[in-house]
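Here is a short briefing to read alongside the model. Have the viewer open and follow along, topic by topic.

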Amino acid sequence: AVWVAAAAAVAAEAAEARVTSLREEGERAVAERQERREAYTAWAAAAEAEAAAEGQARVASLRQEGERAVAERQERREAYTAWAAAADAAGKLASLRQEGERAVAERLARREAFAARATEVSDLAWEAMRARLARYKEDWGNADAPLGPDVDGDLGRWCKVQRQLRDAGRLAMARVDALDLLCFSWVAPSDVDDPTRADWAGMLARLAAYRDEHGDCDVKKKYQRDPALGGWVAAVRRCRSELGAARVAELDQIGFVWQSSRSCGSAWMSSFRELRAFHAVHGHSDVGAVLGDGHELARWSEAMRAAQAKEALSPKRMAHLREVGW
């Protein structure tokens, strides 16, 4: 009985140990299964996340490729539009250029036609004036028509213009030659600045001949029969202080008229004659000191002094002013 009891106890202990061992094995198996399940779950989640990431990357890549394709297409479209616009503009520009060239050609043709007509008219007008000058020479013996209201003023002005054009090198040689045939004076006889440069004895003889014919030596400046004599006499009057005593005596001997009885109608000469009369009375030309700076003659005198300072007075006018102690 004791043995049986002991055997039973041993058997019970063995059974309990076996049960314990089986329980532990079961728990270990459950734990291992749980670990494998968790590992699989983690792997599946990782695989799913990786697949999702790859899918997003692929989607992003496809989106970028699509956007690039759209951008390239847009660029090609814009390039084509720009090319088409440029081609259209080039066509219009070529058309406009052709129209402009035609317009310029037509304008040049009209201008040339007008210039030819103007030249023709100018030649006719010039020839008409040359013919008038030729008739003047037949009447007066010289081709030096003077300026002035009591003569052919238009012809005198035309002569002055021809001299100016020649001095500027703008008068055609054919016209120069045509005027030379008339013995035209390229320096107007009335523009003589220095009478001593002329043939002094010859001019005295011509003046004496004038005196014998007219009874005096009061030759007007624009003497049509002998314009050189008229210009020389006017220059002698202006330059009396520079002639020297011997020449003045020669002139006095033949009755030279130092102050012309004729009055120049120009505004300048009118003012100068007032200044000369003032100088004759007061012995000086300081008009402002006597009549006041506001007087018209005083203002004119100051204007002449300002013009002298700027060297804007002609030699003729300076010669006149030196007569009154300028």
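**Aromatic pairs and their surroundings**

Helix α8 (residues 267-282) holds both Trp 268 and Phe 272, which sit four residues apart, about one turn of the helix. Please keep in mind that this is a predicted model. A search of the whole structure turns up 10 aromatic pairs.

*Aromatic pairs*
- Tyr 136 and Trp 140 make a tilted pair, 6.3 Å centre to centre with 35° between the planes.
- Both residues of that pair belong to helix α1 (residues 2-140); Tyr 136 is buried at 7% relative accessible area, while Trp 140 is partly exposed at 34%.
- The pair of Trp 268 and Phe 272 is stacked, because the planes of the rings are at 10° and their centres are 5.7 Å apart.
- Trp 268 is buried at 8% relative accessibility, and Phe 272 is buried at 0%.
- Together with Trp 300, Trp 268 and Phe 272 form one aromatic cluster.

*Charges over rings*
- Arg 240 places its charged end over the ring of Trp 258, 4.3 Å from the centre.
- Arg 305 lies over the face of Trp 326, 3.9 Å from the ring centre.

*Around Val 236*
- Val 236 is part of helix α5 (residues 227-238) and is buried, with a relative accessible area of 0%.
- Beyond its neighbours within four places in sequence, Val 236 has contacts that include Trp 200, Leu 251 and Trp 258.
- Val 236 and Trp 258 are 22 residues apart in sequence, and their C-alpha atoms are 8.3 Å apart.

*Domains*
- The protein is divided into domain 1 (116-181), domain 2 (200-254) and domain 3 (267-323).
- The C-alpha centres of domain 1 and domain 3 are 36 Å apart.

Conventions. Residues numbered from 1 in each chain as written. Predicted model: local features only at pLDDT ≥ 70, side-chain atom pairs only at ≥ 80, totals over all residues. Heavy atoms only, no water. Domains from an automatic or database assignment. Helix = DSSP H or I, 4+ residues; strand = E, 2+ residues; numbered from the N terminus. Buried < 20%, exposed > 50% of the residue type's maximum accessible area, 1.4 Å probe, protein only. Contact = heavy atoms within 4.5 Å. Phe/Tyr/Trp six-rings, centres within 6.5 Å; stacked < 30°, edge-to-face > 60°. Lys NZ or Arg CZ within 6 Å of the ring centre and 35° of its normal.
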